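The structure goes in first, and my notes follow.

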Amino acid sequence: MQTNSSLTKVTRYTAVAALAAALVGAPAIAPTYSLSGNTAIAQETPATKTLSVSSTADAEGKITVIGRGFTSAAEGRGAVVALKFDAGGVTNLESIEHPLTGKKIPNKTVNFVVVAQEDGSFEAKVPLPSPSNSTVKEADWAEGTTHNLTALVGSLGPQDVPGNAMVDFTVAYAPQDTEDQSSWTHLQVGDAQLNIRPYTTGEKMRITGTGWLKENGTEGSVVVLKLESSSDGTFYERPDNSAQAQYLGSLGLFDLGNDHTAWMLVMPDAQQVNEEKGISLVKPDGSFDITFDVPEALKNGSTGQYLAVQALSGRFAPGDTRRSAKSQPIPVNGVAAQPPQKEEPTEKCVSSETKPSAHFEKDTVAPGGTLHLLGKGWCNENGAGAARLAIKIDDAAISRLDTSVHSNKTIWTIVDANPTTGEIDAHIQLPQADGSDSSPALTEGAHSLRLLSGSLKAGDIHVSYGGPGVLDFIVGAYSPTTMPDVLSDSELTAQTQNEVTVKESQRKVTVHVPHAQPRQWVHITPYIDGSSRATWSSGWVQLDDNRTMEYTLEEGLPAGHYKMVVQDGEQATFGQLLGWAELEHTTNEQKNSVQTPVTEQPHTPMNPEHHDSAIGGENTKNGTAPATEGSSTQHNTGATTSSLSRATYNNASAPVYSPVPNSYETIAVAPPKKVTRIVRAASLAQAAQSEKTAQAQKNQREEAHKKTVAAPSPTKKASASASPAPHSSPAIASTEATGVEKSFWDNTASVNNLLLIGAGIVLLGAVAIPRKKPLR
């Protein structure tokens, strides 16, 4: 069976992975198996070989087979991989050629051969067996039949690392799409295509797509579909986009969740699909077929009503392909609205620039001030005028409170480039500092502008320019305010750890970054299995003079083995990896033993409301109020502490962090009914135990003591005199101690025991000594 063999044409079918892969290696090596989606993984020593089968075949009846880990010691190539269906049970009608030698391979059960890349990866289009290319019968590969595909290495290529991997799958033939698509609107978007069925009022809308792949070609893109309601670039808005915002937030893209004009979000995670909330699935081969409800104004609309579709990708996932295009008007009840009329320029636009660019005259501005934006190269193709630009702040993180500029409130302002030169010379009035004209308010610190063209005026070039690191500006004093880019797991190697250390106690995380600078802005994010957990990040924090910072993990982070990743927040090096360290996080709050305090305070009653709080409570003693979002506060308690300022992520559920106290502050606890004594923790690893536990331990000791000592004795008097009066102690919970530093009650019990033993020895000695008869 060769790749150029004629095949029975199959319009659509799905290969659904069902079981894990098996490894055939040296008999002494026990294989391990796991399954991830439809990817079977076979692990061996020293390499790991993975094999996956695509879920959809192309029009020629070929499936996409992807392999990883098929390496070779030969120079300039990976292993020569033989592919066999049903463990060699399928025989080709003709022998296939060896890709290195060109000779025929005598074994016809080798159904396909591919040479892996030097890194051990390959991707091949492999035809499924059929009567036209093999000895199988058509019924052998009918719908519902289960088969397997094995990849074998070792016999076809010298110096190849031997080993096998196998994946099982079930052939499922999807119903053929017999709908006539000649009346559909077809939109080519780079290397991807969008197909839109004419819309009939009262019904759902259907859109299909092909070729929507990320840059690596093995994963589906994250695609946003917008429905345009008028030729002036106004889009329908989804009233409830909470599901979309939550999904984008899980990727660390909190800002993009503010765009209510994203009517459908098509993404590759099947577990996140919620079509009622505007989330559909793109398959691994980049195809999708979605049917969805439309806005009420369109559902109850009229014949010939204006409707167009805009498709975008590349902004919503790392490594994605950037695409943007808008369709011609879609027929509504069989009639399409008139397309937007191009504004014919009176003069031709001429620019010496080969691509658009922009910059600020000054990149620092006072709160509520004005930015002077300059740019060149914004002429349209063939000199047909210049582009109209939509200006967004912080990648749509800042929204207007009304639709005075555009129906998309994240468009802060609109600027037209000079129609004859393509230059920009505009003054951008920024939001007021008090939030009176924006949501949220534009805080002091680092921000950015993004310039978008192609959707506001027909015939404009499609450009997305700017964003963090490209078109940055500072409001007031510098502090970072946007999320850093998500890093891939391949970047977190032993070489990039940079001696960063992380410790955790009672959800309090201490991070030391030895190669950073004092007072440098940093951002700490937990990563697990190559995925970031941005909800439990530190926000932007300045290191103290010892290059250390502390923050409290919000509740809800699952237990696991994390990589705590430190990224740079300085303007010139924003987002760069500073290092990382491993952290074994557990949800057990009592996992760490507490050391006995080294200092005992005077027995003075204390109001629990005056305790310093390790999680941002009031500190009336120092006059420090709790930190609020975007603020920076310090506790001055005799040691330098980190100044924490939570970045503005426009996420209502995002935590707001306050400063962490120094190592001699005690974590605030609920005031106990009965008090024992003041305890000052010797380090942040110490945590206060509840009064209930302390009282129970005390009661147990007293009960044991009563059973041991039945009658009054000097020992009992000594114990009683050593016990503190309940009313003489301040209001704070006691701690459990270890080693020689036992608590007061433990020390008293030990003294009692020693005295009792001593008394017993005296009595035994008195009985055992023989008496002499008295002298007469």
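I looked up Asp191 and found it exposed, because its relative accessibility is 55%, where exposed means over 50% relative accessible area, buried under 20% and partly exposed in between, with a 1.4 Å probe and protein chains only. Its partner Arg323 is buried at a relative accessible area of 6%, and the two form a salt bridge whose closest N and O atoms are 3.0 Å apart; I take a salt bridge as a side-chain nitrogen of Lys or Arg within 4 Å of a carboxyl oxygen of Asp or Glu. Since Arg323 lies in strand β19 (residues 323-326) and Asp191 in the loop between β11 (185-189) and β12 (192-196), the pair ties together parts that are 132 residues apart in sequence. Strands here are DSSP runs of E with at least two residues, helices are runs of H or I with at least four, and both are numbered from the N terminus.

I note that this is a predicted model, in which local features need pLDDT of at least 70 and side-chain atom pairs count only at pLDDT 80 or more, while totals for chains, interfaces and linings use all residues. Residues are numbered from 1 along each chain as its sequence is written, and side-chain values use heavy atoms, with hydrogens and water left out.

In one of them, Asp160 meets Arg77 with the closest N and O atoms 2.8 Å apart; Asp160 sits in the loop between β9 (146-153) and β10 (163-172) and Arg77 in the loop between β5 (62-68) and β6 (80-85), so parts 83 residues apart in sequence are tied together. Asp160 is buried at 9% relative accessible area, and Arg77 is buried at 12%.

I then turned to the nonpolar cores, each a set of buried Ala, Val, Leu, Ile, Met, Phe, Trp, Tyr and Cys residues joined through side-chain atoms within 4.5 Å. The largest has 30 residues, of which Leu373, Trp378, Ile424, Leu451 and Phe473 touch the most other members. Strands supplying at least two residues each include β22 (370-376), β26 (424-429) and β28 (445-453). A second, separate core of 28 residues includes Met205, Leu227, Val294 and Ile330.

For the chain as a whole I recorded 5 helices and 39 strands, with 47% of the 776 residues buried. The average pLDDT is 73, and 66% of the residues score at least 70, pLDDT being the predictor's confidence in each residue, from 0 to 100. Over residues 590-694 the pLDDT is below 50, and over residues 2-47 it stays under 50. Where pLDDT is low, the predicted coordinates should not be read in detail.

Terms used
Contact = heavy atoms within 4.5 Å.
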